[in-house]
Amino acid sequence: MVDVRTPPTVGIAAGIGFVIAVFAPYVALSASGVAALETYYGYGLVAPTYLTLFALVGIIVLAAGRQARTEPDLAAGVALVIGFTATLLTLLWATAVEGSVVSSIGTETWLAYHRWVVLALGAVFTATSLWYADVIGVLRP
């Protein structure tokens, strides 16, 4: 059996990874590349820079559930809603970004995979929230 602290810990790590992945281009790109990030992050309904607020709230919720400062079932449910919403909005952004925009930002090859990494980290956050809900028994009758 999985320890009830493992899923929220993995979710916290995924949330931190999401935030780092969203802001990494601001550090790793040249000045002209950073200027082009406004266009890159402008696709979709909500820019990932704003979705980091979802991730930060999700991290706090999972940490509170892990430390039993919030009811674990409430923390798992809130984290699941936050994760699903953030992942859906990240999916809409990632699929809306045009390849020509990515290639115009800079010559860094990792940028072509950046949006998919951000999406994957959001999906991991959602999956660990679901895992947490399952481990504490919220999903079982």
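Author: Helices here are DSSP runs of H or I with at least four residues, and strands are runs of E with at least two, numbered from the N terminus. The model is predicted: local features need pLDDT of at least 70, side-chain atom pairs count only at pLDDT 80 or more, and totals for chains, interfaces and linings use all residues. Residues are numbered from 1 along each chain as its sequence is written, and side-chain values use heavy atoms, with hydrogens and water left out.

Reader: What makes a space in this model a cavity, and how many of 30 Å³ or more are there?

Author: A cavity is a set of points, on a 1 Å grid over the protein atoms alone, where a 1.4 Å probe fits but cannot get out. By this rule there is 1 cavity of 30 Å³ or more. The volume of the largest cavity is about 70 Å³, where a volume is the space filled by probe spheres set on the points, joined across faces, edges and corners.

Reader: Which helices supply at least two residues each to the lining of the largest cavity?

Author: Lining residues have an atom within 4 Å of a point. Helix H1 (6–28), helix H3 (48–66), helix H4 (72–96) and helix H6 (111–135) each supply at least two. H4 gives the most, with 4 residues. The lining includes Phe18, Phe54, Ile82 and Phe125.

Reader: How is the lining of the largest cavity divided into nonpolar, polar and charged residues?

Author: Ala, Val, Leu, Ile, Met, Phe, Trp, Tyr, Cys and Pro count as nonpolar, Asp, Glu, Lys and Arg as charged, and the others, Gly among them, as polar. The lining has 7 nonpolar, 4 polar and no charged residues.

Reader: Why is Tyr41 called buried, and why is Tyr26 called partly exposed?

Author: Buried means under 20% relative accessible area, exposed over 50%, and partly exposed in between (1.4 Å probe, protein chains only). Tyr41 has 4% relative accessibility, so Tyr41 counts as buried. Tyr26 has 36%, so Tyr26 counts as partly exposed.

Reader: What makes Tyr40 and Tyr41 a tilted aromatic pair?

Author: Rings of Phe, Tyr and Trp (its six-membered ring) pair if their centres lie within 6.5 Å; planes under 30 degrees apart count as stacked, over 60 as edge-to-face and the rest as tilted. The centres of Tyr40 and Tyr41 are 5.1 Å apart and the planes 40 degrees apart, so the pair is tilted. Both residues are buried. Tyr40 and Tyr41 also belong to one aromatic cluster with Phe23, Tyr26 and Trp93.

Definitions and conventions: On a 1 Å grid over the protein atoms alone, a cavity is a set of points where a 1.4 Å probe fits but cannot get out, and a pocket is an open set with protein on both sides within 12 Å along at least five of seven lines; lining residues have an atom within 4 Å of a point.
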